[in-house]
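I opened this entry to look up how the chain is built. My notes follow the model below.

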Amino acid sequence: RMARPGTVAGDLDKRAGDFVVERKSKTTSSAPKADRGPSSPAKSHIELAREMGKIDDPVIRQGIVHAHILGTLARLNTERSKANPIPGIANLGKILMGHVVRHNRDLGMAILGARGTLHSYDDSARAEMAKLPGGSGAVAATAQALGAQALPIYGGTDQVQKNIVGERILGLPKEPGDLSTVPFNQLPKNG
């Protein structure tokens, strides 16, 4: 479980360690995990599409493939930057993750349809919603959809990240000087 921002979730008074849960091994293969390779980043969407009867929908299938590609690209960029630091890769990674989260939000809602409008912040109500079509995968998809707007904003908006990449990495000219010290009535007029 992850911490959720805001007072509605009731997580503000908890410590980070309160969210740690011990993972149980779910290995079904006798091959070591390293030999099996990473699972698909779109696995939860695949399972949800099967449960909702939309696995054969060509638009949904294309969205799942897109989610897999974006997730794999993010993972490979992270691995590449660990091996050889690349200037600006953190900024590009943040932009990519914002795109990934928005895509996964849209895909999850497309799979769920009207079911995607149901969500609860209360643990007992979420347990009841997990009994509805889509199960706990639908509960996770609606939670992700509600939180998807945050990532492209916090830690520097996508636009700020693009400016950083343009100016510091690509060497594009900087924005005009700081206008915050100029009175509003003295700002240059465009047009």
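I took accessible areas from the Shrake-Rupley method with a 1.4 Å probe, and for residues only the protein chains shown count as cover. On that basis the protein chain exposes about 13,600 Å². Carbon and sulfur atoms supply 59% of that area.

I noted that this is a predicted model, where local features need pLDDT of at least 70, side-chain atom pairs count only at pLDDT 80 or more, and totals for chains, interfaces and linings use all residues. Residues are numbered from 1 along each chain as its sequence is written, and side-chain values use heavy atoms, with hydrogens and water left out.

I looked up the secondary structure next. The protein chain has 7 helices and 0 strands (DSSP runs: H or I of at least four residues for helices, E of at least two for strands, numbered from the N terminus).

I checked helix α4, residues 89-112. It has 24 residues and reaches 34 Å from first C-alpha to last, close to the 34 Å expected (1.5 Å times one less than its number of residues). Just after α4, glycine 113 takes a positive phi of about 65 degrees.

How much of the chain is buried? I found 27% of the 191 residues (buried is under 20% relative accessible area, with a 1.4 Å probe and protein chains only).

I ended with contacts (heavy atoms within 4.5 Å). Not counting residues up to four places away in sequence, isoleucine 60 touches Ala49, Lys54, Leu107, Ala110 and Ile111.

Terms used: Buried means under 20% relative accessible area, exposed over 50%, partly exposed in between (1.4 Å probe, protein chains only).
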